[in-house]
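This briefing sets out selected features of the chain shown below. The points are grouped by topic.

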Amino acid sequence: MGVAKEKMKLSSYASLFGNTTENGENVTYIDLDELHSFKNHPFKVLENDDMVELISSIKQNGVINPIIVRTTNNGYEIIAGHRRTHASKAAGLKTIPAIVKDNISDDEAIIQMVDSNLSRETILPSEKAFSYRMKYEALKHQGKTGKNTNDEIGTATGDSGKQVYRYIRLTNLIPQILEFVDDNKIKLIPAVDISYLDTKSQKILYQYIDDMEKFPSVKQAKEIKEYYNANKAINSNVIASIMESKKSKAKSNLPKEFTKYFDNDMSDDDIKNEIVKILENHFFSGDKK
């Protein structure tokens, strides 16, 4: 009875769509044990509520959207579908529907891997950072980079070229500080300023944060960067001095409904600029209603 139930699930894609996609691409079922992850892919497979929901869906309906793979010497490399593959194993499946891309270069595979994952609803800053960088390098290898390359890269997520550049800067952060960004403890703008520090200086800053549980604001990160640029080094005393200095802030003329989402030391003009960036990213993302 268990076998019959599994066969019904494994045939769900074929029963709904036949053995081809709407683009005419052939779909085949591949043993899950023959699959391995894309080398250095930046997207995390997390055991969170979304994964629990995906596993439940696959148990009930099978895998509706085929994953995309390419052949290797030891099986198949996943281009798109790492989460579906993980969920399928957790759901007890043995095979998974897949589209096999045999004639695809490393750079083309990277671009397709990045684009397919950026369409996800929830993406961590670190995932965006490294995927944007990988796509930029792939386009560079193809000789396709130019003045508007970052704008092109950000199209899938509605990020401007400037925002793409900011995310790519995050790849210069040490893992411990980048984790703070993923956890929303350090915002994007201060994280970008911190990314200009060398590894030694970032470790000193991390040690302060870890000890004091204080995270740099936009203003503090900017001051840390400016000191580092002027002196090409930074020490724990300087970090403590900047992080613990208390300067009075002029009273804001903006409504509290706006200011509560931003650091206390940001000026009204800085807040307005950030709001404009958010609105522009939303407008150009195609999500406007």
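A residue is called buried here if its relative accessible area is under 20%, exposed if over 50%, and partly exposed in between. By that cut-off F180, with a relative accessible area of 11%, is buried. The model is a predicted one. The chain holds 15 helices and five strands, and buried residues account for 42% of its 289 residues. Of the contacts between residues at least 6 apart in sequence, 68% join residues at least 24 apart.

**Aromatic pairs**

- The structure contains three aromatic pairs.
- In the pair of F180 and F215, the ring centres are 5.1 Å apart and the planes stand at 80 degrees, so the arrangement is edge-to-face.
- F180 belongs to helix 9 (residues 175-182), whereas F215 lies in the loop between helix 11 (199-212) and helix 12 (218-231), so this pair ties together parts that are 35 residues apart in sequence.
- F215 has a relative accessible area of 29% and is therefore partly exposed, while F180 is buried at 11%.
- F180, Y206 and F215 are linked into a cluster by ring pairs.

**Charges over the ring of Y196**

- R169 places its charged end over the ring of Y196, at 3.8 Å from the ring centre.
- K225 also lies over the face of Y196, and its distance from the ring centre is 4.1 Å.

**Helix 9 and its surroundings**

- Two packed helices are described by the angle between their axes and the distance between the axes.
- For helix 9 and helix 11, the packing angle is about 55 degrees and the axes are 9 Å apart.
- Helix 9 is therefore oblique to helix 11.
- On the helix 9 side of this contact are Q176, I177 and F180, which meet Q202, L205, Y206 and I209 of helix 11.
- The residues of that contact comprise five nonpolar, two polar and no charged.
- Helix 9 has I177, L178, F180, V181 and D182 as its buried residues.
- The cover over these buried residues includes helix 6, helix 10 (188-194) and helix 11.
- Just after helix 9, N184 adopts a positive phi of about 65 degrees.

**A191 in helix 10**

- A191 is located in helix 10 and counts as buried because its relative accessibility is 0%.
- Apart from neighbours within four places in sequence, A191 has contacts with L170, L173, V181 and I186.
- V181, one of these contacts, is also among the buried residues of helix 9.
- A191 and K222 are 31 residues apart along the chain, and their C-alpha atoms are separated by 9.6 Å.

**M134 in helix 6**

- M134 is part of helix 6, which spans residues 125-141.
- Its relative accessibility is 16%, so M134 counts as buried.
- Beyond neighbours within four places in sequence, M134 is in contact with F38, K39, N40, P42, I110 and M113.
- The C-alpha atoms of M134 and I111 are separated by 7.9 Å, and the two residues are 23 residues apart along the chain.

Conventions. Residues numbered from 1 in each chain as written. Predicted model: local features only at pLDDT ≥ 70, side-chain atom pairs only at ≥ 80, totals over all residues. Heavy atoms only, no water. Helix = DSSP H or I, 4+ residues; strand = E, 2+ residues; numbered from the N terminus. Buried < 20%, exposed > 50% of the residue type's maximum accessible area, 1.4 Å probe, protein only. Contact = heavy atoms within 4.5 Å. Phe/Tyr/Trp six-rings, centres within 6.5 Å; stacked < 30°, edge-to-face > 60°. Lys NZ or Arg CZ within 6 Å of the ring centre and 35° of its normal. Axes fitted to C-alpha atoms, helices over the stretch in contact; angles between N-to-C directions. Parallel < 35°, antiparallel > 145°, perpendicular 65-115°, else oblique. Nonpolar A, V, L, I, M, F, W, Y, C, P; charged D, E, K, R; others polar.
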